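Let's take a walk through this model together, with the sequence and the coordinates side by side.

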Amino acid sequence: MESIWCKTIELKERKPLPGSTSADIVVIGAGMAGILTAYLLKQQGKNVIILEADRIASGQTKNTTAKITSQHGLIYDKLIRKYGWKKAQLYAQANEEAIQSFQQIVEQNHIDCDFQRLPAFLYSTRDGASLRKEAEAAARLGLPASFQENISLPFAIAGAVRFENQAQFHPLKFIQGIARHLEIYEKTMVYSVRGHKIYTNRGLVTAGHIVFATHYPFPVIPGFYFVRQHQERSYIAAFSGAEKPAGMYYSIDEQGLSLRNEKDLLLVGAGGHRTGKNEAGGKYEFIREQAARYFPEGREVAHWSAQDCVTHDLLPFIGTYSVFRPYWHVATGFQKWGMTLSMVSAMIICNEICGIPHPYGKLFSPWRCHLLASTPKLAVDLGTSIKGLLAGYHLFSCGREEDLEYGHGGIVRKGFRRYGCYRDEQGKFHRISLRCPHMGCELLWNPDEKSWDCPCHGSRFDYDGRLIDNPAQKIKKELSK
C-alpha cells in the first residue's frame, strides 16, 4: 500500500548517525514539520541536525493528500464562537501566510514539485446551512471565501464554501528540494530524551534545543500529550483515466469524499475513523464503490492510508514542550491539515528558538487553557483509554486460533492468555502480545491494513509486531509458536 508520492520519486538515502555528537539544535523527525523547521533555522545561521528513525518523509508526510489550504473543515464559525474574533483571525492569517511561504520557498529554490494554486471547496450533500454560516465567518476574517450552490462534481450538493487561491503539490519532490543541504541522519532511532541528552541506537547526542517533530510526541512526562489528543485514520485511492474536477474538495458529511488531482490521476479519500476502531473493515471497498459510481472510467493504480493527531480544542500544539523543559519544542495535533500547519509550526518554533516573539505563538501554545472547548472530547478520550487499559479480562469472549480464516486476524485465547493472531494466506500463524508497549492498552485488529492498532493513543504494528506508527518507540516481538 504505497502512495503515489512514493511511486513517483525516490529520495536520496542518508547515512545513520556515525556516533555521539552535539549540536545547537536537534530536530527529531524528518517529516514535513521537521524538515521545514530545520530549513528555516539553517536560514538563520543555526547549527541543526535531524534524526530520523527510518527514512526521510517515511511517516505521515508520504501519506498526505498534500493540500496546502486555510480551508480546514467547519472551523471558523466555531473558532469565533469559542475564542472570539481576534483569535479566529490569527488562525486564518497563519494558514494564509503558510500557503504564501510554501510558494516563496518553491520559487526561491526553483523546486519542481507540481505546486499549483487552485480553489478549495468545502461541500455537503445535505447541510447547506452550516456551510453558509462557515462562508460568512471565513469572509469576516478576511479569507477569500464565498458560498456557492453549485460546483463541478458529478453529484448534487446542498452547498459549498469556495476558498480562492489555495494550493496543492507533490510533498516528496518539495522535501527533496529543501533537504539537499540539511544534515540528516536516517535509521537513527531516538529511544529517550533526558534534559539536553538524546539517547539513540547510534550514540548520544547533546543539544541546546530539541524539537519533537515526530507527529505524536513520545515522551509521556512532561507534556502529558497522551491525554490531550487522539489519532484518526483515513483512506485514499488514486485512479487513472477518471474525470478530474477543477480544484480540491473536502466533504463535511460522515461518508463524504475528499478529492484532488495529481497530473493525470484523481485522488479519492474517505472512511475516516479513530485509530483502533475499524474492526469491520471495508474502507477501501467503500472508496472503490464510490469511484465506480461517480467516476466509472477510472482505474485504480494505488491505495494507502494516513494518520492524524486530533486535539480537543481544534488548535494544534506548537511551541514549548513543557514549562519544565523550555529548551524542548513540539509540533503536533495538526488534525487533517498537516502540510499547512507544518509550515506554521516551523515558523513559530524557528522564531521561538531565535528569541523572536511570533504573532501566532500564543494562539498555538501547548500550554494554553481552553477548558470549555476541551472537556467534552477529553472525557471521550479518557473513557477510551480506560477501556483499553482494562481490556483483556474477558477470556471467554475470544475466538480460537484454528477458527481464523486464511488472510484474517483476531484476538484469540490459549489457556488463560489472550493474544493477537493473524493467519496468512499460506496458513502460517503470526502471534503478538496484545499490550501496546507505549502505555499498556490492548491492541485491536484492522482488517483493511492487516495491522494491530491501539485505540488509546494510536500506535500501530504489523502482524509480526513491527512498529508502524508512534507514539510507541519499541517493537513488539512475535510470540513463539
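How many bridges join β21 to strand β22? The model is a predicted one, and in it 3 bridges link β21 to β22 (residues 451-453), with the two strands running antiparallel.

**The disulfide and other cysteines**

Stay in this region for the cysteines. Searching the whole structure turns up 1 disulfide. Its partners are C441 and C456, with sulfur atoms 2.2 Å apart. The link is left-handed, with -100° about the S-S bond. It connects distant parts of the chain, 15 residues apart: C441 sits in the loop between β20 (429-432) and β21, and C456 in the loop between β22 and β23 (460-462). Both C441 and C456 are buried.

Two other cysteines are worth a look. C309 takes part in no disulfide, and the nearest cysteine sulfur, that of C454, is 13 Å away. C309 has a relative accessible area of 2%, so it is buried. C354 is likewise in no disulfide; here the nearest cysteine sulfur belongs to C350, 4.3 Å away. Because its relative accessibility is 23%, C354 counts as partly exposed.

**Two buried loop residues**

Now turn to T69, which is found in the loop between β3 (67-68) and α3 (76-83). Is T69 buried or exposed? Its relative accessibility is 1%, so T69 counts as buried. A polar atom of its side chain lies 2.8 Å from the backbone nitrogen of Q71, and the side chains of T69 and Q166 are joined by a polar contact of 2.9 Å. Beyond its neighbours within four places in sequence, T69 is in contact with N95, I99, A120, Q166, W337 and T340.

L153 is another loop residue, placed between β5 (145-148) and β6 (159-168). With a relative accessible area of 11%, L153 is buried. Setting aside neighbours within four places in sequence, L153 is in contact with Y123, P245, Y249 and L259. In sequence, L153 and Y249 are 96 residues apart, yet their C-alpha atoms are 9.2 Å apart in space.

Here are the relative accessibility values of the single residues discussed so far.

| Residue | Relative accessibility | Class |
|---|---|---|
| T69 | 1% | buried |
| C309 | 2% | buried |
| L153 | 11% | buried |
| C354 | 23% | partly exposed |

**A covered strand and an enclosed helix**

One of the contacts of L153 is L259, and this residue leads us to strand β13 (residues 258-262), where 5 of the 5 residues are buried. S258, R260 and E262 point one way from β13, while L259 and N261 point the other way. β13 pairs with strand β14 (residues 265-274) in the antiparallel sense, over 5 bridges. E262 stands opposite L265 in β14. The hairpin of β13 and β14 has 2 residues between the strands, and in it K263 takes a positive phi near 55°.

Why is helix α6 (residues 171-178) described as largely enclosed by the rest of the structure? The reason is that 7 of its 8 residues are buried. These are P171, L172, K173, F174, I175, G177 and I178. The elements covering the buried residues of α6 include α1 (4-8), α2 (32-43), α4 (85-108) and α8 (338-353).

**The whole chain**

Finally, step back. The chain has 9 helices and 24 strands. Its C-alpha trace spans about 65 × 55 × 45 Å along the principal axes. For 481 residues, a compact globule would have a radius of gyration near 23 Å, and the 22 Å of this chain agrees with that. Buried residues make up 60% of the 481 residues. Of the contacts with a separation of 6 or more, 70% come from residues 24 or more positions apart.

Notes: Residues numbered from 1 in each chain as written. Predicted model: local features only at pLDDT ≥ 70, side-chain atom pairs only at ≥ 80, totals over all residues. Heavy atoms only, no water. Helix = DSSP H or I, 4+ residues; strand = E, 2+ residues; numbered from the N terminus. Buried < 20%, exposed > 50% of the residue type's maximum accessible area, 1.4 Å probe, protein only. Polar contact = N/O pair within 3.5 Å; in protein donor to acceptor, adjacent residues only side chain to side chain. Contact = heavy atoms within 4.5 Å. Pairing = 2+ DSSP bridges. Disulfide = S-S within 2.5 Å. Rg over C-alpha atoms; globule rule 2.2 N^0.38 Å.
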